[in-house]
Amino acid sequence: MEALKIGWIGLGNMGNPMVQNLLKAGFEVVVFNRTKDKEKELIALGATSGASPQEMLQTCDMVITMLSNDAAVKEIFESENGLLSQDNPDKLIINMSTVSPETSRYLATICAARHLHFIDAPVSGSVKPAQDGTLVILVGATDEDYLLAKPVFNVLGKVSIPVGGPGKASSAKLAINYLLGLNLQGLAETIIFAEKSGVRKEDMLSIINEGACGNGITNIKANSILNDNYPAAFPLKHLVKDLRLAKEAGLDSPLIHPLYDSYEAAQKEGFGDEDVMAIITSLRNK
Ligand code: NAP
């Protein structure tokens, strides 16, 4: 069977390693990035450069978008030379960026009107899982479209989990990132409280991670807290965006509002481009 030809739009921190994995797996990949310089590394690895999103949809079996936010995704779909600027019926578009469920439903509707198939497939995991091909991929798709995308998801992630029709995966993504925000805020507050009571952070991290309160993310973030250094694995600004989207999508629980305010304050203090765990530095300064 001939390998699928994939168009990939968005070569940021996540898109670049995801494309590298597709190339390693033998897929033909056409790449497109607003800042053209970021295409060079992937072209050296065997990708080709797409002239425009529209042309890519015409010449590829499917096009995948991995862009910052709702506005960027809508622009790539709807602008002049965008994905929908000409008819390319029966093609598949997969948006893997984190956007609002409302935007995903909108994209599904405008794609259906043009006889295009649409999947929302945001990912849980950051740059390291993207490099290792171990992302958790949340899938909003019809059963038929999911089968078409599965060979690609198998390369990018350790698992793909269908959660319903288009739009549903974006809701699931906002829910899991709410839990991420709660976990890291809780971890930061716990360490600071322990330190103020004279307990060393080394000891407190061992108590958390050796016991029932430890989990994947408290383990992953332990080293950055020990070294007090927070290079972005998942930038704090992305979590602020995701918590805002969760609020806009109707999350009105007791903790969402103070949680959002806490991360938003950290972003305003200049921690937006640092890792989300930098919330601990913001809280220490208070
Ligand atoms: P990023 O490094 O900031 O890259 C964003 C990409 O979007 C770049 O290719 C950028 O192009 C492009 N872009 C932004 N605005 C655009 C516009 N108006 N038109 C065309 N292209 C535009 O982001 P990332 O970390 O790869 O994240 C991508 C998505 O995955 C986000 O939705 C994020 O929430 C989600 N996500 C991220 C992580 C993570 O750990 N980073 C984890 C899970 C999910 P330029 O190069 O020209 O700026």
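How do the residues of the shell around the ligand divide into nonpolar, polar and charged? There are 11 nonpolar, 11 polar and five charged ones. Here Ala, Val, Leu, Ile, Met, Phe, Trp, Tyr, Cys and Pro count as nonpolar, Asp, Glu, Lys and Arg as charged, and the others, Gly among them, as polar.

A quick word on the model: it is predicted, so local features need pLDDT of at least 70 and side-chain atom pairs count only at pLDDT 80 or more, while totals for chains, interfaces and linings use all residues. Residues are numbered from 1 along each chain as its sequence is written, and side-chain values use heavy atoms, with hydrogens and water left out.

Back to the ligand. Of the 27 residues around it, Asn13, Asn33, Thr35, Lys38 and Lys241 come nearest; a residue is near if one of its heavy atoms lies within 4 Å. Some polar contacts (pairs of N or O atoms within 3.5 Å) look like this:

| Residue and atom | Ligand atom | Distance |
|---|---|---|
| Asn33, polar side-chain atom | oxygen | 2.7 Å |
| Ser68, backbone N or O atom | oxygen | 3.0 Å |
| Glu75, polar side-chain atom | nitrogen | 3.2 Å |

The protein covers 90% of the 910 Å² of accessible area that the ligand has on its own (Shrake-Rupley method, 1.4 Å probe).

Which helices each supply at least two residues of the shell? They are H4 (70-78) and H12 (236-248), and H4 gives the largest share, three residues. Helices are DSSP runs (H or I, at least four residues), numbered from the N terminus.

Elsewhere, Ala194 has its place in helix H8 (residues 168-196). Ala194 counts as buried because its relative accessibility is 6%, and buried means under 20% relative accessible area (1.4 Å probe, protein chains only). The C-alpha atoms of Ala194 and Met204 are 6.9 Å apart, with the two residues 10 apart along the chain.

Key. A polar contact is a pair of N or O atoms within 3.5 Å; within protein, one must be able to donate a hydrogen and the other to accept it, and residues adjacent in sequence count only if both atoms are side-chain atoms. Buried means under 20% relative accessible area, exposed over 50%, partly exposed in between (1.4 Å probe, protein chains only).
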